[in-house]
Amino acid sequence: MIRKLKTSDIPVILQWYNWYIENSTSTFETVPVSQQEFTSRLNNITQTYPCLVLEEDHKLIGYAYISQFNEKQAYDCTVDLTIYLDPQARKHGYGSILMREIITYTKQLGYKNIVSLITADNTPSIHLHEKFGFVFKGRLENIGYKFNKWLDLSYYYLQLEGNQE
């Protein structure tokens with residue numbers, strides 16, 4: 001079941017997000033986020049944009065949201081996409097379920113473009129985006145530094161107008 005985020009979901013998804021901070025390059029954050037900070041971030045996002053959660057048998061599996069791509073008004077037709085799964089739930093197709101739903105929702109809201117910034121070594125995320133028609137648009141090399149290594153950032157883009165997925 002996919003539904004909108006509830007305040008009671010935040011501690012669980014924060015636990016996942018902090019796991020990704022501490023164990024992966026999926027996020028460029030390097031220090032775990034407090035519940036107060038994470039709640040504030042999500043509250044700011046959900047004032048304007050949807051945050052969806054995937055739940056199965058009353059257990060949270062993942063979440064996805066769109067947010068502002070850039071604060072300049074000409075970018076108002078474009079959103080940024082974020083998806084995270086419970087680290088134990090990866091490789092079971094849940095990312096595809098969330099991706100399909102957030103794309104549908106974004107179209108219904110009238111946005112024209114979705115942009116995703118993906119760490120270049122995050123192959124599962126790249127494959128997921130490409131499966132749904134996102135196109136690689138560029139790479140910023142050595143743009144971040146985490147776990148004693150330089151990281152590249154890839155830009156992926158999906159134009160929603162006329163998209164059949």
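Predicted model: local features only at pLDDT ≥ 70, side-chain atom pairs only at ≥ 80, totals over all residues.
1. As background, nonpolar side chains in soluble globular proteins tend to be buried together.

2. Leaving aside residues up to four places away in sequence, F134 touches L81, M99, I103, I114, S116, H129, Y156, Y157 and L158.

3. The count of salt bridges comes to 7. In general, side chains of opposite charge can pair when their charged atoms come close. In one of these bridges, the side chains of D9 and R3 meet with an N to O distance of 2.8 Å. D9 counts as buried, having a relative accessibility of 4%, and R3 also counts as buried, at 14%.

4. A second pairing, between the side chains of E37 and R41, has an N to O distance of 2.9 Å. Because E37 and R41 are 4 residues apart in helix α2 (residues 35–46), they are separated by about one helical turn. E37 is partly exposed, with a relative accessible area of 36%, and R41 counts as partly exposed at 28% relative accessibility.

5. The side chains of R139 and D152 form a further salt bridge, for which the N to O distance is 3.8 Å. R139 lies in strand β6 (residues 135–146) and D152 in strand β7 (residues 149–159), so this pair ties together parts that are 13 residues apart in sequence. R139 counts as partly exposed, with 43% relative accessibility.

6. The largest pocket has a volume of about 1200 Å³. Its lining is made up of 44 residues, of which S26, I83, Y84, N122 and S125 lie nearest the centre of the pocket. Sorted by class, the lining has 20 nonpolar, 17 polar and 7 charged residues.

7. As for where that lining comes from, at least two residues are supplied by each of the helices α1, α2, α3 (94–108) and α4 (123–131), and likewise by each of the strands β3 (59–68), β4 (78–85) and β5 (113–119).

Notes. Residues numbered from 1 in each chain as written. Heavy atoms only, no water. Contact = heavy atoms within 4.5 Å. Salt bridge = Lys/Arg side-chain N within 4 Å of Asp/Glu carboxyl O. Buried < 20%, exposed > 50% of the residue type's maximum accessible area, 1.4 Å probe, protein only. 1 Å grid on protein atoms, 1.4 Å probe; cavity = no way out; pocket = protein on both sides within 12 Å on 5 of 7 lines; lining within 4 Å. Points joined across faces, edges and corners; volume = space filled by probe spheres on them. Nonpolar A, V, L, I, M, F, W, Y, C, P; charged D, E, K, R; others polar.
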